[in-house]
Amino acid sequence: MVTGIGLVTGLARGVNSTWERLFRSERAFCELAHYPLEPDAEVREGAWAGDAETAPRERAHALLVAACEEALGQAGLSVAPDPARSALVLGSSLAAQASAPAFWSSLLAGGPGAAELGALKSYDVEARLADLSQRFDLRGEAALVSNACAAGASALGLAADALRLGRADLALVAGFDALDLHTFAGFQSIQALTGGDVLPFSQGRAGMKLGDGFAALVLERGEVARAAGRAPLARLVGYGESADAHHLTQPHPEGLGAELAMRRALELAGLEPAAIDAVNVHATATPANDLAEYRALLAVFGERVSSLPLVALKPALGHTLGGAGAVEAVISLALLLHQALVPSATLGELDPEIGHALDRVPAARPAALRHVMSNAFGFGGCNASLIFAVP
Amino acid sequence: MLTGLGVACPLGVGREAFWGAYLAPPAEPLSAPRVREGLVATPAVCFPKDFPAERYTDRRAVRKASEVARLAAAAGQLALDAAALPDGLRAETCVVLGTALGCSRYYLEFHEKLQRKGIKGANAVLFTESVFNAASAHVSRIHGLRGAAHTLAGGEDVGLAALAAGRDRLLLGAPAVLVGGAEQYADLVHASLLHEGRVGRALGLGDAPVAFGEGAALAVFEAEPRGSEAPLRLTATARTRAGRGTAEEALVRALRAVCAAAGIEPAALDLLVSAGATRGEVDAHVLALAGLGASPRTCAPKALLGEGFAFGSAATLVLGAQALATQTLPPTHAAALPPSWRASPEPEAVPLRRALLLAQSAHGSVSAALLEVAG
């Protein structure tokens, strides 16, 4: 069961503040004035959290720690209650490796002799695991799973595995990626970013914007949490993963991998598709991804795809990459807590290639929700689906 | 059940070639660092040019791939060929690949172009290949494996951590997994690590410093045995971290956990394959086991293979498997081996049933796995 959640996004710090702003259909984007943008650059915005002046590595780590502290605090903890039985699982695409620009600046300015080799220590991604493990005294197994935009959701799955296999009683799980120049320029190079609105499943959709995302969840074995008097927020009842085995940057056109992930999550949960009350869709608003996800949803849910509420968060938060699976899991869980749906902050006319009307939740509304599915699909064809249930 | 092993490193490509060269290393140096002008060369056990992955796997698939992906793809192909995995299992087969440095060379080249040419100069191939999971994605794609595909990023032990994570997939219902570790040489990253004091330390086993190592070692494990060959089983795994405790405490906890999970006393261990890179690290492993009443024979392969991070810890699996399969104590290629290690500079025929694979990271992570002759 989930006993604590924490969140930092471009919209706000904290789960409640983020929820309130999502509910009001606010968007997080601002001009990335500290990036070396060309004057005529079309793509200029991202969802930035925190102080642009802070060194990238330190900024990212501080925001990650803030999300973890919020989650543990909600569970009534500051450190692990039983360190040897407490796991740490992180999911991130880049693990906040953000110091390469500093290194190159020094190298290009002064040659190898002047290069700040120490700046490259952010390649030492394990340092992040080590710091959180020490900070919260987590001495059980630890892992940093890095499978692109599915990483945050995969981290939740790995943590749930550790609990299911009886090797841990508690797991602190975090999914994160900081918006940085590497991803901003990289996603530009593959033409996945838009300078306009993010328009999931819409005609003429042109891509995504990027955003900071740091989310943490405390997972516990039910009997241990109950014995300690910790109340469940929700239960993670199912998760499924798959690989498209198709292409490095393009999804399987029929959504085969996405379908497999959703079916595997349902199977583990012991649920029929009809039991799912809403889906937090991955919906990057790129032409290929949304069409593949629609086809996968159609394969799993059949004609019910027309009436199933599809919550799309990227129009408000941006794509938080390795953080997305966890960030959007936290919001999915908040849907259950509030018994309400948050809107897609921007929408266009439905893509005519999508053969069904879709409920893309144009406005916030109350809803009776028992099970919410959350999808996260990533570069390289990694797919992960989670199912949360009311406690 | 272990059903396939693949390895690609400068010492040898393929299980038998690697094993033969490990037992009797070539006289000429394995080091051939590729270093840009002006940078201090660090000792390295690496391929003299880009690894020719196209000799071993789909040529088109690896044409533009980063070095770490090329190494992983080749080792994966060799492991899958050895396992002869039926097509019916591939849709459920998971990939778990450990790497500490990922595709660092492309990552840095991407940034070099970014610095020189601005955002418009960002290169799509360098970007996509520099994403940490590009290598595991290539492996899944080339071989049509549609189970979960995970890249674990971590420290020196992450190749063994991947092995442990793969075993979890089997316990939870996957019929097969392809697991292991891969690491590439990147002059700038290795220079940085040298600067940090993370590598290049005196091994203490001889006069030579620890070299950087590159390579990939992957294995296929299946939930159910196929065929008639007496298989090797991955009986138990354990992973721990120091947290606010000590590295020694985390090590002992991992050893206790792996033995308890296997239902054996530590004294029943026959072989320790230690991924320690210094005399102190191997000593710590031997002493911790002695404290639990175990005194297995020891092999410390990094003296020959170099510090290969994920590859180095995954390579313990190859050596452990070969040792059990051939009933041979693998040598430790260093002078002045401490008697307490019970290691040997030459291969020795010895009865072996259980091999403990053990690795620690510089940041307090421990991964342990127990490989056992089945039956």
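**Reading helices and an interface**

Q: Before we start, what kind of model is this?
A: Happy to say: this is a predicted model. Let's begin with helix H13 (residues 310–326) of chain B.

Q: How many Å should the 17 residues of H13(B) span?
A: At 1.5 Å a residue, they should span 24 Å, and the end C-alpha atoms of H13(B) are 25 Å apart, which agrees.

Q: Is H13(B) largely enclosed or largely exposed?
A: Largely enclosed by the rest of the structure, because 15 of its 17 residues are buried. Just after H13(B), look for Gln327(B), which has a positive phi of about 55 degrees.

Q: What describes two packed helices?
A: The angle between their axes and the distance between the axes. In chain A, take helix H8 (residues 256–269) and helix H9 (residues 287–301): they pack at about 40 degrees, with axes 8 Å apart. That angle makes H8(A) oblique to H9(A), and the crossing is right-handed.

Q: Which residues make that contact?
A: H8(A) contributes Ala258(A), Glu259(A), Met262(A) and Arg263(A), while H9(A) brings Ala292(A), Glu293(A), Ala296(A), Ala299(A) and Val300(A). By class, 6 of the contact residues are nonpolar, 3 are charged and none is polar.

Q: How many residues of chain A are in contact with chain B?
A: 63 residues of chain A, in contact with 62 residues of chain B. Among the elements that each supply at least two residues to the chain A side are helix H3 (100–110), strand S9 (235–243) and H8. That side has 34 nonpolar, 21 polar and 8 charged residues.

Technical notes. Residues numbered from 1 in each chain as written. Chains lettered and ligands numbered in written order. Predicted model: local features only at pLDDT ≥ 70, side-chain atom pairs only at ≥ 80, totals over all residues. Axes fitted to C-alpha atoms, helices over the stretch in contact; angles between N-to-C directions. Helix = DSSP H or I, 4+ residues; strand = E, 2+ residues; numbered from the N terminus. Parallel < 35°, antiparallel > 145°, perpendicular 65-115°, else oblique. Left-handed = near helix turned anticlockwise from the far one by under 90°. Contact = placed C-beta atoms within 7 Å. Nonpolar A, V, L, I, M, F, W, Y, C, P; charged D, E, K, R; others polar. Expected span 1.5 Å × (residues − 1). Buried ≥ 20, exposed ≤ 12 C-beta atoms within 10 Å, placed from the backbone.
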